[in-house]
Amino acid sequence: MQSIENNLGGGEGIEGLYGSITRTGTQKILASMVEHCGLGSESSLVDVGAGLGRPLLHALVYPGVKATLGVELDEIKVQKARVFLKQSVQRVQRKGLLPEDLELPMMQCAAIEEVASLERCTHAYSFWEGVPIPAREAFGKLVARSDGVQGVAVIQRAMRDPEGAMLSLGFGQLSLRASFPVSMSGSGRSFTAYVFAREAPALRRAADSAVQGGLAAMRQTKPGAAAARAADKLGKPDRESRSARRALIMSADKTYTQQAADALNQAQHVAAETWEATKNKVSEVTGAAQNRAEETKNDATSHQSGVRGLVDDAKNKATELGNRASEKTTEAKHSAQESTNKAANIADEKARQ
């Protein structure tokens, strides 16, 4: 793709800085978002400060996201990006790595402060070194207001308190899932990539719905009903008790965000995960009975083994007695034969006399 960029005169424009992360670094960031934030084939990725849109092109190939959007302030860069992305996609299509009917990344020429919302986006990316604080805050407000953004990746120099820094910029509560060094193409200048997960409101509602569905299914079974009653004891459905119910039913921790992301993309899959999570509580309620049943089974097995042992002993004893009787019979036959032989000898001697 470097030859295409060179034919365009590079990626520079008239606004801001230009630079791109190496292909290896970009792939590592996207792979981390796949692992920690649910980035996948049903996702939509926005790149704020997109430049030529290289990360968008990477995301179309892997993990094969459904839609991409680039937001770029510089009109010159946007014009170059549209040509770069079109020619690059065509080249990758000729290699058979992208479908022929692929929708090209959309490039929006605007300051981030002018973007109305990120409602159609599930994940956000920004190499924002050199981006002024007001623009970062505008980005943060868009994410905080979004109903569907599940993960955010930003690249800059090292931050001492990444979660606190993002909170101060208005992103809301984000959970840092990974951070690692990356470098720029050409100059080799080092930066740090930060990957954050976010429990989006839409995902939370989907997860709550899956929890309720799991509870309803549990109540249809005897052990499940016991676990559901235990959850019901947590009280009225205000915000705190709902959170406590999720903690009880789903063993909620930092993996809950990933489960919620899966719930939005595949509700049946999340329902199955929810059911698996509830088994821990069910096992607590029914554990004693199961242990007792196992003990009874073991006792029965031991008793059966004892009976079998007695039968085997009896068989062995009968065999032993049979062998002894056979030996006695053989001895009696030999003794009778000897007596017969003696009598015949005596009779012969008397006959000769």
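These are my notebook entries on a few residues that I looked up in this structure.

I am working from a predicted model, in which local features need pLDDT of at least 70 and side-chain atom pairs count only at pLDDT 80 or more, while totals for chains, interfaces and linings use all residues. Residues are numbered from 1 along each chain as its sequence is written, and side-chain values use heavy atoms, with hydrogens and water left out.

Entry one, proline 63. I found that the peptide bond from tyrosine 62 to proline 63 is cis, with omega near 10 degrees. Most peptide bonds are trans. I placed proline 63 in the loop between α3 (54-61) and β2 (67-72), where helices (H or I, at least four residues) and strands (E, at least two) are DSSP runs numbered from the N terminus.

Entry two, serine 41. I located serine 41 in the loop between α2 (23-37) and β1 (44-48). Leaving out residues up to four places away in sequence, I saw that serine 41 touches Pro63, Gly64, Val65 and Lys66, contact meaning heavy atoms within 4.5 Å. The C-alpha atoms of serine 41 and valine 65 are separated by 4.3 Å, although the two are 24 residues apart along the chain. I noted serine 41 as partly exposed because its relative accessibility is 45% (buried means under 20% relative accessible area, exposed over 50%, partly exposed in between, with a 1.4 Å probe and protein chains only).

I found leucine 97 in the loop between α4 (75-94) and β3 (106-109), and it counts as exposed because its relative accessible area is 52%.

I recorded serine 175 in strand β6 (residues 175-183), and it counts as buried because its relative accessibility is 14%.
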